[in-house]
There are 4 protein chains.
Amino acid sequence: MAGNSFGQLFRLTTFGESHGKALGGIIDGCPAGITLDLEQIQFELNRRKPGQSAIVTQRKEPDTVEIYSGVFEGKTTGTPIGFAIHNTNQKSKDYSHIKDSYRPSHADYVYDKKYGFRDYRGGGRSSARETASRVVAGSIAKQFLSDVKIGAFVSQVGEMKLDKSYQELDFSKIESNAVRCPDTEMAQKMEEYIKSIKKEGDTIGGVITCVIQNVPIGLGEPVFDKLHARLGEAMLSINAVKGFEYGSGFAGVAMKGSEHNDAFNTDGTTKTNRSGGVQGGISNGMDIYFSVAFKPVATVLQSYETINKEGEKVTTQGKGRHDPCVVPRAVPIVEAMAALVLADYSLLARTNKI
Amino acid sequence: MAGNSFGQLFRLTTFGESHGKALGGIIDGCPAGITLDLEQIQFELNRRKPGQSAIVTQRKEPDTVEIYSGVFEGKTTGTPIGFAIHNTNQKSKDYSHIKDSYRPSHADYVYDKKYGFRDYRGGGRSSARETASRVVAGSIAKQFLSDVKIGAFVSQVGEMKLDKSYQELDFSKIESNAVRCPDTEMAQKMEEYIKSIKKEGDTIGGVITCVIQNVPIGLGEPVFDKLHARLGEAMLSINAVKGFEYGSGFAGVAMKGSEHNDAFNTDGTTKTNRSGGVQGGISNGMDIYFSVAFKPVATVLQSYETINKEGEKVTTQGKGRHDPCVVPRAVPIVEAMAALVLADYSLLARTNKI
Amino acid sequence: MAGNSFGQLFRLTTFGESHGKALGGIIDGCPAGITLDLEQIQFELNRRKPGQSAIVTQRKEPDTVEIYSGVFEGKTTGTPIGFAIHNTNQKSKDYSHIKDSYRPSHADYVYDKKYGFRDYRGGGRSSARETASRVVAGSIAKQFLSDVKIGAFVSQVGEMKLDKSYQELDFSKIESNAVRCPDTEMAQKMEEYIKSIKKEGDTIGGVITCVIQNVPIGLGEPVFDKLHARLGEAMLSINAVKGFEYGSGFAGVAMKGSEHNDAFNTDGTTKTNRSGGVQGGISNGMDIYFSVAFKPVATVLQSYETINKEGEKVTTQGKGRHDPCVVPRAVPIVEAMAALVLADYSLLARTNKI
Amino acid sequence: MAGNSFGQLFRLTTFGESHGKALGGIIDGCPAGITLDLEQIQFELNRRKPGQSAIVTQRKEPDTVEIYSGVFEGKTTGTPIGFAIHNTNQKSKDYSHIKDSYRPSHADYVYDKKYGFRDYRGGGRSSARETASRVVAGSIAKQFLSDVKIGAFVSQVGEMKLDKSYQELDFSKIESNAVRCPDTEMAQKMEEYIKSIKKEGDTIGGVITCVIQNVPIGLGEPVFDKLHARLGEAMLSINAVKGFEYGSGFAGVAMKGSEHNDAFNTDGTTKTNRSGGVQGGISNGMDIYFSVAFKPVATVLQSYETINKEGEKVTTQGKGRHDPCVVPRAVPIVEAMAALVLADYSLLARTNKI
């Protein structure tokens, strides 16, 4: 219960530091009998991988996953699925500038205070490199949830905001550009903007919107483990996330109840979907959609003042190969976490009735 | 693990339907030796109570809490604290209009689908009446966290938004008005607006902002149980909540890293606090602040079309005594959930080092 | 997670001290749709009740359970079932002899050391009175497990040991005598022996054997949460229990593998059942049977030397109305804990396969 | 929560099949700052290793552990410790006789029924090979619990029972013989007996006794998570275990309370220790001791009748290299599980008081 597990019945536990020998995880509770497509897992990992385009970090990491257990003759066996991704590109790094000082808005300082010391290499456990394990597990969860369709995309970069509802978008375009924005025109603007930010050695934030379709009615465990509450926790656990809203979200507060309510059709679907597919914490069969706010990456390739462990002022130069904007690579992570939540709640829902 | 427990070490489990015999809960893991002020618990309950002002529901419920166990000679004993609030005002109600039809944007429909049937009286388990138990537990958590200061207030009602940072506000004014907004002038406008909404038989949404001060450094359990992730889950588990953001939140996405980063002072504090008191999922000792979006209450006192269990169209007239705007009464609930998270993470943090 | 919850999906949390206002609990995760027989719950409670015969404590406690929630129109709703048993007979007691000294082999000393002080009235939380809540929950679990048959009985008192296998016994005789031993002749001897022990002001230990029939194949969650491991934990959590064995148990260690192995019939049943219905931690459909060792009750009605809080020697006289032998009243508790384990594992087993 | 995790705060999750690529685990919640002796971990693994003496299985498995994370510059970092043991000797095996039939008193049949199919190679997940991961984690737990002394030994093989109390034994002799019995004379008899059993192609059961010294007062979380209840569950989760008793155990049932009670010394220690170091589920500072019964290994090297998947009778010849008696190699496993319980409860005990 020390924070590195997610889920109750479909449960992922992860391990690994940015520059340790390996990172990976264990999925416990994955039902037996799922025919597992290992290439699909690697495909999802590649969507998260560094170096995939000009607007992401240029580090070279093959990110090849090795499955150790829980799969036999191509199918899950019901026993825990252990997996690892070995680190291969971490040896030559120079971390002396990180070792001796605390980077602003990073986790360096709090790790030192919490644990007494820290593995400073590449940010250690606080690095977003850990999310590779989530993508592996999320891909397995997706394969379990074969009928459910989870699609995330970049809806905002800096102040450039996609002002269309998700129904107006062509999801097949998401993977057609480096930003992962389904509006090709907007995608191009965003890409240029990220490039200009990168040139400045600066970074910029963004928003990812995620849509989940074909969700069965009845997922969610009130009063605390409401479906959207767990989705929110899942998203907020991703590095750099500052906010979460679903359905009408923050904009909904300005509406009147008579406007906001979703009237029923006779088949139980609703005419509008400001509820975002969840009512009272339980899925109602309509599309679930939510947005996730990512702050600008803290590592800027500029000179900055900070302090060292002794509390002395030091001036440091940001260096290395970092993402100027995290959202393009975070799209598969958002999907993975959504899949983990859905897989877990699908299993929980099997226990609701006699 | 069926959704009615919150927290790992300081753990609340609640029970109770809106119109059952009683609602209440058990706090397991509350440390021994806390001198418990029972009047303080009742005071917090009264802040949530119906009928406290002209802009909230006019139901009459005494909401008197009875502590059954876990307290001896005025102090917590380390054993579970059982408590109950008996329902006294539920007998004469007429629920026939709810029994036979599904209210739009309520949980009626999904409860029926999930569990096969439902206790329809007053919304049953999905009623916000359940949050009374949270307020009791939160008050005990607050008393455990004696050094930590948790203050929530209404920062938006409909489109009326308080455009001041929390540092500019006088928190001692929060309880001076019915809205629980610390800006007296804005509070008055909000109050009048809510009254006008009420007259229309309609409802309106709002935002609550919460500030937590004097938090020790080191609370939070990455990578999944990050402090802000659990806070987000806690808030999203409250009835009618549609969004959560902390620190710079959604506005932060439009900032550059060089602007957004919080530079250190030599004592480890930061010059700015866009991080919102949490870095890498761990408290850094700065103020934690976050905002919670509440949708307009679904129950409108107007005539509306909906469907019944058989999927037939029916026209229904909303009736009863409901809140035109939920945020004034939700302030102590937000504080309670924040206190529960902080209490839990304070205990977890005791286990980080040898 | 502070020790007062049992089970993962069918989860009981209890509260209450021996002489507090009330004791009770919450069952979270009980599936919806169980038609609940409240008289059956009270019947089970009465089997555990003090004063039911000449060989148990003569205290008068009505032990009437009140269900607060989770049941509507006679059926479970899927929401948490809160219940309480109010204490009515605790006021006139005199506890001064307990308050100031530590009774040998009781929990007085360790509670003081662990929590800093204790509710000394009647043993506080460490009293077996808490098991009344388990019996309530166990009775609900039994009603969920309608096809499973759980029968426990006293198989040993002191050195008087029933030397028959359970197949030779007539379970319908269990409730026909005060000892709850299905062998009437042996029951009479045991009863007389307990009466003689009582006259001495002394106490004696015993063994309860429990048989579970009609268990579906497949219950148990290796490698840690094996079915028999959880049953063992459940039994060891009952007051005064010192040992647990299932199937061939301790006697099995002296057997050779060729003798001990249970050969299969062609329908998957086994010719013998030394496995005790569990193989590899998973039920195999054969009868589950196990034995539970209870030590003699620590409270003897004799004069004894002990120490007080200051570490000074004191001489104390045991008094009050206590059980000379705990096993007759513990039979429904053993059954209740077995039912809770089976209910939980039945729900878990729903998640094993796609 | 699917059964492959153990512990709440010091939490081990394991993965791996007998003949998969690797087995291993993750320890989450290990406190930061423990100086880790990796050779000590390997030493414990070697105590469990096949091929270490003439009376254990002659398989060749190097069982070399690789630590992937959570350790930096020789110390634990507070982040999860991932580890793996790669399988190297599993390729040439012939499993056809297992694939098509169910071995009596093995888990083959129930795995097929529970999960729909199974990884039959070497018993898959149900093989005791999984306990290697427990030994790794247990060794780390032991290093955390530096003041606590955990010593297990073989006290019975077949009907050969060590009739001395543990106080009369010289624990330094445990590792001096292949059986791991501290009484050298008895050890030699046991060894010869096991050799004769092996010659018959048969197997025999045994008992391991474990003593834990220097335990702090106050470990244990009543009412369900009593210290001895968790120890019992831990032991019962080990392959082939059929029973658990602590303190006076099953023999205690024949004693009177006046004989059984442990009188206090003025320093809070007790003159006798029939309680086995635990009262009311909480450690009292005295030695904890308990015994664990192991059945004879099910795999006998003889011809036997059984059934196949189709329910047809088949005659099979047991083959391969198996342990004639499991207890010598199980000694470090018992110690490991005890260490995991103690580590977990040590952390939990930090949260009892303000």
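Is Ile354(D) buried or exposed? I looked this up first. Ile354(D) counts as exposed, because its relative accessibility is 59% and the cut-off for exposed is over 50%. I note here that the model is predicted.

**Entry: Ile354(D)**

I found Ile354(D) in the segment after α8 (327-349) of chain D. Then I listed its contacts, leaving out residues up to four places away in sequence. Ile354(D) touches Pro31(B), Ala32(B), Gly33(B), Ile34(B), Phe144(B) and Arg350(B).

**Entry: Arg48(A)**

I turned to the UniProt record. Its unreviewed entry lists Arg48(A) under "binding site". Arg48(A) sits in helix α1 (residues 38-48) of chain A. Is Arg48(A) buried or exposed? Arg48(A) counts as buried, because its relative accessibility is 3% and the cut-off for buried is under 20%.

I checked the contacts of Arg48(A) beyond four places in sequence. Among them are Asp63(A), Ala128(A), Arg129(A), Arg329(A) and Ile333(A). One contact I followed further. A polar atom of the Arg48(A) side chain lies 3.2 Å from the backbone oxygen of Ala128(A).

**Entry: other binding-site positions**

I picked Ser126(A) next. Ser126(A) lies in the loop between α3 (108-115) and α4 (131-144) of chain A. Its side chain reaches the backbone oxygen of Gly123(A) at 2.8 Å. Not counting residues up to four places away in sequence, Ser126(A) touches Ala107(A), Tyr111(A) and Asn239(A).

Then I looked at Gly280(A). Gly280(A) is in the loop between β13 (278-279) and β14 (282-283) of chain A. Gly280(A) counts as partly exposed, at 32% relative accessibility. Beyond four places in sequence, Gly280(A) touches Pro222(A), Lys226(A) and Ala107(B).

**Entry: chain B against chain A**

That contact with chain B sent me to the interface. How many residues of chain B are in contact with chain A? I read 106 residues of chain B in contact with 106 residues of chain A. In chain B, Lys114(B), Phe224(B) and Lys242(B) lose the most area to chain A, together 11% of what that side buries. The two chains bury about 8100 Å² between them, with 59% of it on carbon and sulfur atoms.

I counted polar pairs too. There are 45 residue pairs in polar contact across the interface of chain B and chain A. There are six salt bridges between these chains. I looked at Glu200(B), which forms a salt bridge with Lys256(A). Their closest N and O atoms are 3.1 Å apart.

**Entry: salt bridges within chains**

Over all chains, the structure holds 103 salt bridges. Side chains of opposite charge can pair when their charged atoms come close.

Glu130(B) is buried at 3% relative accessibility. Arg134(B) is buried too, at 0%.

Asp344(B) forms a salt bridge with Arg230(B), with closest N and O atoms 3.9 Å apart. This pair links distant parts of the chain, helix α8 (residues 327-349) and helix α6 (residues 227-236), 114 residues apart. Asp344(B) is buried at 1%, and Arg230(B) is buried at 7%.

In chain D, Asp112(D) forms a salt bridge with Lys309(D) at 3.7 Å. Asp112(D) lies in helix α3 (residues 108-115), and Lys309(D) lies in the loop between β16 (303-308) and β17 (313-317). The two are 197 residues apart. Asp112(D) is buried, with a relative accessible area of 8%.

Which residues touch the most other members of the largest nonpolar core? They are Phe290(A), Phe290(B), Phe290(C) and Phe290(D), in a core of 347 residues. I took Phe290(C) as my example. Its contacts beyond four places in sequence include Ile208(C), Leu231(C), Met235(C), Phe244(C) and Val334(C).

Last, I read helix α3 (residues 108-115) of chain C. Seven of its eight residues are buried, including Tyr109(C), Val110(C) and Tyr111(C). Gly116(C) follows α3(C), and its phi is positive, near 95°.

Definitions and conventions: Residues are numbered from 1 along each chain as its sequence is written. Chains are lettered from A and ligands numbered from 1 in the order in which they are written. This is a predicted model: local features need pLDDT of at least 70, side-chain atom pairs count only at pLDDT 80 or more; totals for chains, interfaces and linings use all residues. Side-chain values use heavy atoms; hydrogens and water are left out. UniProt positions are given in the numbering used here, feature names are shortened, and annotations may be inferred rather than shown by experiment. Helices (H or I, at least four residues) and strands (E, at least two) are DSSP runs, numbered from the N terminus. Buried means under 20% relative accessible area, exposed over 50%, partly exposed in between (1.4 Å probe, protein chains only). Contact means heavy atoms within 4.5 Å. A polar contact is a pair of N or O atoms within 3.5 Å; within protein, one must be able to donate a hydrogen and the other to accept it, and residues adjacent in sequence count only if both atoms are side-chain atoms. A nonpolar core is a set of buried Ala, Val, Leu, Ile, Met, Phe, Trp, Tyr and Cys residues joined through side-chain atoms within 4.5 Å. Buried area is the accessible area (1.4 Å probe) that two parts lose on being put together, summed over both. A salt bridge is a side-chain nitrogen of Lys or Arg within 4 Å of a carboxyl oxygen of Asp or Glu.
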